[in-house]
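Me: Could you walk me through the ring contacts in this one? I'm new to it.

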Amino acid sequence: MTAFAVRHGSARQLAGTGTLLRFALRRDRLMIPVWIAVNALMVLSMPSTLEGLYGTPAERAGLVRQMAASSSLRAMVGPVFGDSLGALTAWRVGIYAGALAAVMSLLVVVRHTRDEEESGRHELVASGTVGRRASLTAALLAAAVANAVLALLVTAGLAGQGAAGALALGLGIAGAGMVFATAAAIVAQLTESARLARGLTAAVLGTAFVLRAAGDSGTDGGTSQAFGTGGGSSVLTWLSPLGWLENLRPYAGERWWVLALLAGAAVLQGAVAYALAGRRDLGMSFLPTRPGPASGRLGTASALAWRLQRGGVLGWSIGFFLAGVVYGGMTEGAAGLVGDNDNARRIIERMGGQSGLTDAFLAAMIGMLGLVAALWIVASVLRLHGEETSGRAEPVLANAVGRLRWAAGHLVIAFGGAALIMLLAGLGFAVGYGRQTGPVLAACLVQLPAVWVVGGVAVLLHGVLPRAAVAAWGVAGAVLLIGWVGPALDVPRAVLEVSPFGHLPKLPGGSMEWGPVAVLTGVAVLLVAAGLAGLRRRDMTT
């Protein structure tokens with residue numbers, strides 16, 4: 001009877017999981033495929049790119065020797081464990097693919113757990129025949145499905161380089177995604193705010209990247225002996241799940257036992273999340289939000305918007321400044337790494353312009369940060385959508401606050417925050433590189449019109465088609481994919497110019513062209529105006 005009761009109780013707690021899983025996959029039918037496509041294309045395009053850059057074994061062996069001598073580049077992309085095209089692919093994009101899988105996973109889990117509770121929708125769902133842990137299980141299963149599809153695509157696409165290495169890399173990327181999916185599940189039990197849950201899990205991911213970078217910068221991956229034969233890694237690297245992915249070593253004598261670390265961490269964190277979920281009331285958390293003042297500094301809609309978004313502004317600002325410092329410090333080493341490789345030089349010049357190699361590298365790295373800033377502005381603009389659909393905007397608008405005034409508070413932070421983080425990135429470059437402070441700052445700020453265009457698209461979608469507002473993530477993902485992969489694949493210029501970033505002048509080193517900058521700024525203004533006009537005329541959604 002006891003065993004039957006336990007089984008029966010477990011079944012009741014998972015009742016409705018299948019229905020909730022289908023609903024979650026239906027809601028994310030756009031977001032998940034975009035994340036998978038961007039990640040998979042980044043990985044699968046790399047072998048052909050590397051073959052064009054380093055076509056002979058001698059060139060690849062030279063790359064490995066140069067990487068061993070550059071601590072700053074090892075900090076960014078990790079050490080090289082082999083000179084085959086498969087090993088170089090795992091080295092070049094493995095860590096970043098794992099990080100993208102982690103971001104996708106944490107967004108999916110938080111969206112279908114804490115977001116649902118915060119908006120009140122889960123309370124309606126839970127009033128039916130739905131088990132206590134069904135929503136958490138459905139969210140983790142949705143993340144597992146997304147990561148499994150990504151692993152399948154990576155494994156199938158890289159099988160030509162070696163089936164074992166392709167399987168190891170695919171499983172490693174999916175494993176890293178699930179580690180952070182279960183980490184997000186724990187954080188979602190601890191906090192009352194979905195925004196805070198996403199921020200804290202992202203901070204854990206950032207810490208994992210920093211630990212791996214610090215560990216890799218101090219070892220060349222071949223001189224230390226730890227955890228087996230064939231070289232080892234720093235203790236700091238082994239403290240990071242991204243370091244585990246790196247030390248799986250696809251195409252370089254796979255360490256299959258490292259997959260047990262990823263699987264064990266995911267299972268253990270999942271168990272903790274399930275235990276916490278069973279010990280709290282619906283809508284509550286173990287770290288309740290501290291009540292804030294209802295007047296004074298929060299007496300206006302703009303002040304409320306700042307209060308809601310200040311944590312994100314601070315986090316992104318710190319991240320962009322540190323990224324600028326790191327990329328700036330890499331500049332001299334990267335120029336030496338390219339050396340006389342004409343193919344590598346051409347890719348950097350396609351990304352950063354036809355000026356000297358150092359200026360082209362700086363322009364390329366600044367352009368990459370501009371692409372990432374597009375993700376910030378979409379997230380910040382869509383905060384409007386979250387406030388509206390959760391019902392929190394309704395009490396604000398019930399007072400003497402118009403829709404445009406309410407929206408303006410968030411949009412000032414979104415568009416002004418983009419300017420702030422790019423300015424801080426420029427200061428970081430100046431600190432890391434130590435030269436060309438003025439030109440580097442100008443190069444960072446010239447990215448803003450393109451960033452604002454992407455933000456304008458998000459405003460337009462929210463204002464005119466609120467149910468399709470999440471498609472703004474697809475726009476940002478497409479822009480990121482074109483800017484990241486397009487130059488490496490030497491796609492036609494017409495394809496690159498589909499992205500607003502394809503029209504910007506290549507600074508520093510290139511000539512300033514005010515025409516495209518003015519046109520892009522005008523397009524951004526028109527998109528925002530059209531979005532606000534739509535918001536003013538349509539019904540509010542819940």
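Here are a few questions with their answers.

Reply: Heads up: this is a predicted model, where local features need pLDDT of at least 70, side-chain atom pairs count only at pLDDT 80 or more, and totals for chains, interfaces and linings use all residues. Residues are numbered from 1 along each chain as its sequence is written, and side-chain values use heavy atoms, with hydrogens and water left out.

Me: How many aromatic pairs are there?
Reply: Rings of Phe, Tyr and Trp (its six-membered ring) pair if their centres lie within 6.5 Å; planes under 30 degrees apart are stacked, over 60 edge-to-face, and the rest tilted. By that rule, the count is 4.

Me: Are the rings of Tyr96 and Phe209 stacked, edge-to-face or tilted?
Reply: Their centres are 6.1 Å apart. The planes sit at 50°, so the pair is tilted.

Me: How far apart in sequence are the parts that Tyr96 and Phe209 tie together?
Reply: Helices here are DSSP runs (H or I, at least four residues), numbered from the N terminus. Tyr96 lies in helix H7 (residues 85-112) and Phe209 in helix H12 (residues 194-217), so the parts tied together are apart by 113 residues.

Me: Is Tyr96 buried or exposed?
Reply: Buried means under 20% relative accessible area, exposed over 50%, and partly exposed in between (1.4 Å probe, protein chains only). Tyr96 has a relative accessible area of 17%, so the word is buried.

Me: Which residue has its charged end over the ring of Phe209?
Reply: A charge sits over a ring if NZ of Lys or CZ of Arg is within 6 Å of the ring centre and within 35 degrees of the ring normal. Here the charged end is 4.7 Å from the centre of the Phe209 ring, and it belongs to Arg212.

Notes: Helix = DSSP H or I, 4+ residues; strand = E, 2+ residues; numbered from the N terminus.
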